[in-house]
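Please look through the structure shown below before reading on.

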Amino acid sequence: MVQAQQEVAPSLNHPQDQQLALVEQVQAALARQTPLHIQGGGSKAFYGLPVQAEDRLELSPHRGVIAYEASELAITVRAGTRLAEVQALLAAQEQQLPFEPPHFGANATIGGAVACGLSGPSRPYLGSVRDAVLGVKLINGRGQVLSFGGRVMKNVAGYDVSRLMVGALGTLGVLLEVSLKVVPRPKVRVTLVQTCGPQEAIARMRHWARLPLSFTGSAWESGRLYARLCGSEEALAEATARIGGEPLSEEAAGRFWRDLREHRQRFFQSPEPLWRLSVAPATPLLELRGEQVIEWGGALRWYKTSVAPDELRVIARRAGGHATLFHYDASQLPHDGNVFAPLDPTTMRLTAAVKQAFDPSGMFNPGHLYRDF
Amino acid sequence: MQRIPDERVLQPRPEIIDRLRAILPEHCVLASPVELAAYECDGLPAFRQRPMVVVLPERIEQVQAVMRLCHAEQVPVVARGAGTGLSGGALPLSDGVLLSLAKFNQILEIDADNLRARVQPGVRNLAISEAAAPHGLYYAPDPSSQIACSIGGNVAENSGGVHCLKYGLTVHNIQHLKLVSVAGELFEVGSEALDAPGFDLLALMTGSEGMLGIIVEVTVKLLPRPERAQVLLAAFADVASAGAAVADIIAAGVTPAGLEMMDNPAICAAEDFVHAGYPRDAAAILICELDGTNAEVSMEVLRVRELLLAAGATQVRTAKDEAERTLFWKGRKSAFPAAGRISPDYYCMDGTIPRRELAHVLTRIDELSQAYGLGVANVFHAGDGNLHPLILYDANIPGELEKAEAFGGDILELCVEVGGTVTGEHGVGVEKLNQMCVQFNAEELAQFHALKAAFDPDGLLNPGKAVPTLHRCAEFGAMHVHKGELPFPDLPRF
């Protein structure tokens with residue numbers, strides 16, 4: 001167990017603190033005008049577009065917990081800290097990260113989880129990565145070390161730079177430290193399984209979303225609809241009676257949600273490109289060729305499909321959301337060379353201006369988020 | 001003390017009023033002194049400034065036309081919602097346009113299947129929950145001013161409320177915004193799904209205090225109403241025990257829907273005002289709301305009751321019915337006006353601290369109160385560490401306002417010192433510009449200015465608010481040496 005660490009100034013001469021070395025590398029790269037490929041554990045290197053930079057900036061040696069006190073519901077860690085290590089530490093205090101991040105590999109780091117902004121099955125119920133971010137320390141494209149946000153739940157001093165880093169894929173700065181909100185780990189949970197088709201599954205998920213019950217996951221896969229709930233024994237007995245279904249054993253339930261989160265199911269293994277369609281949750285079954293898995297109360301639809309990217313983007317936009325080419329090989333890239341949905345011209349111009357404000361020389365992860373920057 | 005923190009050279013351009021009249025209906029442009037007087041200040045009346053002109057557009061195209069004109073003519077624009085903000089974020093400029101969104105007051109859609117509401121920015125916070133109620137839904141963030149404050153202002157300030165611990169701030173409860181840029185372009189951030197491609201501009205816009213764009217439509221998330229909510233009221237003989245009880249409840253894995261603390265002066269003021277049944281002899285009370293299903297709430301009430309007693313509560317009461325629950329909350333929600341009854345003026349602070357620092361911070365505030373000779377009543381969103389000391393003063397006594405402001409500044413700097421922040425939910429506005437110099441260094445402030453310039457290169461949107469200039473910080477630093485270090489040592493002083 002980590003003792004209460006009230007020391008606010010992190011120790012730069014701690015052996016696991018690589019801040020000074022990282023700043024030096026960024027400044028050297030700036031002097032040479034050679035862009036950097038920022039890498040944590042490399043577990044999610046497939047996500048986004050390939051980085052157009054040769055030189056690596058390795059974050060995984062910059063690791064370790066800086067502050068964690070359970071009663072503050074917050075943890076501050078260096079960005080290279082392994083996700084698994086953080087989760088084990090929290091679990092020992094009966095706490096957890098609310099957003100249930102996918103690891104996609106044993107070396108996954110907190111910095112990578114924040115930079116990719118990917119949340120797991122609990123996302124609609126307990127919030128996303130960005131919802132949990134309280135503060136960051138980063139190196140900007142001028143080689144300056146800056147801190148934003150903090151370790152407290154509420155903080156509206158200055159622009160919300162911390163949350164802006166989530167999902168930016170390292171294109172705005174090098175994350176050095178991250179403070180995250182944590183939540184109590186439910187003492188009891190249950191996973192209920194029902195048999196139904198995808199259309200019916202969406203309808204049931206939307207019905208559930210209107211009930212005042214403590215859901216922490218919902219998914220449909222291969223003809224089976226899964227609901228995960230947490231709470232006291234009494235509350236779960238009541239909820240089970242209300243929504244129905246067969247309870248899974250604790251082990252089977254744990255395996256199911258882990259495999260879903262980590263994309264280990266058979267569905268995810270086929271060679272076709274994997275598309276992630278994020279849509280308004282009540283969107284009816286999409287008329288698309290190919291197999292699908294549904295998550296997030298209907299708001300997330302995974303497709304293995306060879307339908308043309310342009311068509312998928314239009315379908316997702318009509319459904320109030322967007323389509324991402326999540327897993328692919330180079331031959332499957334859309335014509336415009338982007339895996340993320342194109343932005344309207346004004347938003348794209350502002351997005352480029354934000355990039356310019358943080359990284360004027362284009363030092364960090366060029367081409368990773370959008371092809372052009 | 002500098003009352004109006006605007007460092008620009010003023011450029012009054014009265015001909016702009018006629019040009020605004022040419023693009024807006026006549027009743028949408030106000031320029032007579034009587035009409036302008038109503039817009040002199042927001043919820044922080046210590047700062048007042050009459051705007052050059054007020055416009056009240058009724059359609060998005062009109063907002064765009066106003067912005068195109070002001071952009072072309074380089075006239076600054078301050079957006080305003082209901083004007084209930086507590087940090088002077090909507091303080092007008094004497095040579096600027098005050099753009100009121102008050103006429104954007106329609107709820108456009110309640111989409112119960114997707115758990116969302118699409119509304120115009122001038123819609124009142126509470127009106128959203130009222131419109132969603134027939135569907136069994138509500139909008140969670142509930143600032144104390146929820147009967148009056150508008151959702152556009154809530155987004156601009158990232159407003160909180162008493163239920164943030166469990167349900168989050170505004171940023172956690174909105175999905176999509178339509179905005180008008182400084183140049184008059186309409187653009188959107190967020191989506192109807194749970195995320196959006198590209199940078200998280202939705203998060204960036206939330207709490208940006210009208211500095212990056214004009215919000216013209218908001219899509220909020222709705223939640224199913226909990227089956228049951230129950231409130232406990234606990235009295236403590238000392239503030240430290242109440243603080244410890246808060247940590248015990250959180251550490252036990254309970255996430256209350258609300259967890260509020262009031263100290264004795266706040267208890268007495270509220271009790272005299274609304275007769276909520278608070279124990280007047282307690283040093284502190286905690287109000288703890290638990291919500292969920294019947295079964296859950298029944299269990300948790302028992303558990304929290306035990307925790308409170310174990311932490312030294314002298315008395316724990318559970319609201320016996322909905323009327324008493326409402327009454328318990330009424331005392332807390334009327335703490336501000338109650339302070340207004342015991343003192344001619346009060347000044348509301350908004351720092352956030354790590355919970356473990358509570359007793360230390362309250363002791364320091366008490367010492368400062370004695371040193372300044374000004375009373376203080378403390379109300380506290382204890383669950384999330386957000387402290388609202390109400391400094392009691394009399395503006396008619398020369399020098400008291402300045403004294404109250406200096407006292408407030410000291411409290412905010414204390415919050416930063418213990419690892420917290422100068423504003424939890426009220427925003428920086430004009431009020432906390434100096435304290436921003438304490439919380440952020442010159443490079444961090446320069447990064448904020450660069451970000452602002454990405455959206456507003458000419459600095460026309462709400463200039464002078466939210467982020468201080470480095471010049472101002474250097475001046476503030478010169479009179480205010482923090483921990484023996486001169487802030488901004490690299491900046492030229494003049």
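Is B:Cys437 buried or exposed? With a relative accessible area of 6%, B:Cys437 is buried, where buried means under 20% relative accessible area, exposed over 50% and partly exposed in between, with a 1.4 Å probe and protein chains only. This is a predicted model, in which local features need pLDDT of at least 70 and side-chain atom pairs count only at pLDDT 80 or more, while totals for chains, interfaces and linings use all residues. Residues are numbered from 1 along each chain as its sequence is written, chains are lettered from A and ligands numbered from 1 in the order in which they are written, and side-chain values use heavy atoms, with hydrogens and water left out.

A disulfide is a covalent bond between the sulfur atoms of two cysteines, and it is counted here as a pair of cysteine sulfur atoms within 2.5 Å. Over all chains, a search of the whole structure finds 1 disulfide, and this joins B:Cys437 to B:Cys473 with an S to S distance of 2.0 Å. Because the torsion about the S-S bond of B:Cys437 and B:Cys473 is about -75 degrees, the disulfide is left-handed. B:Cys437 lies in helix H15 (residues 433-439) of chain B and B:Cys473 in helix H17 (residues 470-479) of chain B, so the pair ties together parts that are 36 residues apart in sequence; helices (H or I, at least four residues) and strands (E, at least two) are DSSP runs, numbered from the N terminus. B:Cys473 also counts as buried, at 0% relative accessibility.

The sulfur of B:Cys288 lies 15 Å from the closest cysteine sulfur, in B:Cys164, which is too far for a bond, and B:Cys288 is buried with a relative accessible area of 1%. B:Cys348 is in no disulfide, since the nearest cysteine sulfur, that of B:Cys415, is 12 Å away.

Turning to chain A, 8 strands form an open sheet with antiparallel pairing, in the order S13-S10-S12-S11-S15-S16-S14-S17, where two strands pair if DSSP finds at least two bridges between them. Strand S13 (246-247) and strand S17 (322-327) of chain A stand at the edges with a single partner strand each, so one side of each is left without a neighbour in the sheet. Strand S11 (residues 215-221) of chain A runs antiparallel to strand S15 (residues 291-295) of chain A, and 2 bridges join them; A:Ala219 has A:Glu295 in S15(A) as its bridge partner.
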